[in-house]
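User: Please take a close look at the pockets in this model for me. Spell out the cut-offs as you go, and keep it chatty.

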Amino acid sequence: MALFGNKQEKTYDTGDLKVPVSLGVIMDGNGRWATQRHLPRSAGHKVGAENLKELCRNCVRYGVKYLTVYAFSTENWARPQPEVDFLMKLFVELFDKYDAELAEEGIRVRFTGDDSELPPKVREVCKTAEERSKDRPNMQLIVALNYGGRREILSSCRKIAEKVKDGSLDPSDITEQMISDNLYLPDVPDPELIIRPSGEMRLSNFLLWESAYSEFWVSDTLWPDFGYEDLTQAFRDFAGRDRRFGGLSKKESKN
Ligand code: IPE
Ligand code: IPE
Ligand code: MG
């Protein structure tokens with residue numbers, strides 16, 4: 001099978017693991033990674049971007065079907081302008097440069113977020129990446145770019161409000177399912193597991209609606225260093241989670 005980079009093929013550990021169909025990853029800690037090495041924050045973003053390939057490769061091997069990664073939030077515009085500009089330039093480079101490798105892995109690329117605020121060049125690259133990868137079968141890589149969970153819920157509510165306005169829907173008939181159905185990518189299943197490297201215990205506006213029952217896994221590893229071992233540990237811990245969804249655990253419900 002084709003490899004990302006020149007890395008040796010690993011033996012994938014499958015014992016005592018649970019691999020989610022849909023996984024979310026908050027790629028956090030690039031700045032700290034760079035600062036620890038007395039490098040500019042941009043160096044951390046560069047290595048962080050490289051590391052996305054490794055995550056994709058591992059997720060494909062494990063059989064994840066939908067991988068949603070948080071790349072830029074609706075709040076990240078608050079960063080200094082040179083950092084924002086660097087990130088936008090990186091996104092433009094990234095999806096062109098990585099396409100051959102993503103193609104070899106059979107990875108379809110999609111974007112989620114409010115693209116109306118993105119620079120035209122970024123929008124163009126995103127559109128091309130989506131278009132040329134749309135028939136790839138192995139995994140969907142969903143890049144959250146200018147994404148905010150609140151913005152997404154707002155956009156869903158606006159779409160529903162249009163139907164109320166034109167008289168085709170009564171407010172009392174609005175359901176939770178309708179809100180789900182009007183999110184940015186309604187066909188993508190809610191993530192069963194969300195991983196956040198770098199130790200922060202928060203969602204930072206990531207997949208607010210979709211994460212209602214996601215398991216949350218945090219590691220102290222900074223995103224540029226997050227690798228196979230961390231991912232495997234997350235899947236191992238996920239196997240041990242008792243997902244009750246408000247009910248009782250399987251063991252208890254038999255009594
Ligand atoms: C994540 O790393 C990348 C983006 C938010 C774009 P950070 O840049 O947030 O890194 P830290 O949290 O400052 O270490
Ligand atoms: C979340 O990280 C956004 C991304 C990783 C793209 P932040 O670094 O922006 O989150 P906060 O500011 O620590 O909450
Ligand atoms: Mg951060």
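Analyst: A pocket here is an open set of points on a 1 Å grid over the protein atoms alone, with protein on both sides within 12 Å along at least five of seven lines, and its lining residues have an atom within 4 Å of a point. Keep in mind that this is a predicted model, where local features need pLDDT of at least 70, side-chain atom pairs need 80 or more and totals for linings use all residues, while side-chain values use heavy atoms, without hydrogens or water. Residues count from 1 along each chain as its sequence is written, with chains lettered from A and ligands numbered from 1 in the order written.

Let's start with the largest pocket, which has a volume (the space filled by probe spheres set on its joined grid points) of about 590 Å³. Its lining runs to 30 residues, and M27, D28, A71, N76 and R79 are the ones nearest the centre. Helices α1 (30–36), α2 (41–62) and α3 (81–97), plus strand β2, each give two or more residues to that lining (helices are DSSP runs of H or I with at least four residues, strands runs of E with at least two). By class, the lining splits into 14 nonpolar, eight polar and eight charged residues, with Ala, Val, Leu, Ile, Met, Phe, Trp, Tyr, Cys and Pro taken as nonpolar, Asp, Glu, Lys and Arg as charged, and the rest, Gly included, as polar.

So what sits in there? Ligand 1 does, on the rule that more than half of its atoms lie within 2 Å of the pocket's grid points. Its shell (residues with a heavy atom within 4 Å) is M27, D28, G29, N30, G31, R32, R41, H45, A71, N76, R79 and L87. Helix α1 is the top contributor to this shell, with three residues. In class terms, the shell of ligand 1 holds three nonpolar, five polar and four charged residues. For polar contacts (N or O pairs within 3.5 Å), an oxygen atom of ligand 1 is 3.3 Å from a polar backbone atom of G29. On the side-chain end, R41 places an N or O atom 2.8 Å from a ligand 1 oxygen, and a polar atom of R79 is 2.7 Å from one. The protein buries 87% of the 380 Å² that ligand 1 exposes when taken alone (Shrake-Rupley areas, 1.4 Å probe).

Around it you'll find I26, M27, D28, Y70, A71, F72, N76, R79, R196, R202 and S204. Here strand β2 (residues 66–73) gives the most, with three residues, and the shell comes out as five nonpolar, two polar and four charged. R79 turns up again: a polar atom of its side chain is 3.2 Å from an oxygen of ligand 2. The side chain of N76 has a polar atom at 2.9 Å from a ligand 2 oxygen, and that of R196 has an N or O atom at 3.4 Å.

Finally, the second largest pocket has a volume of about 380 Å³. Among its 25 lining residues, V188, P189, D190, P191 and E210 lie nearest the centre. Helix α7 (residues 176–181) gives the most to this lining, with three residues, and the classes are 13 nonpolar, six polar and six charged.

Conventions. A polar contact is a pair of N or O atoms within 3.5 Å; within protein, one must be able to donate a hydrogen and the other to accept it, and residues adjacent in sequence count only if both atoms are side-chain atoms. On a 1 Å grid over the protein atoms alone, a cavity is a set of points where a 1.4 Å probe fits but cannot get out, and a pocket is an open set with protein on both sides within 12 Å along at least five of seven lines; lining residues have an atom within 4 Å of a point.
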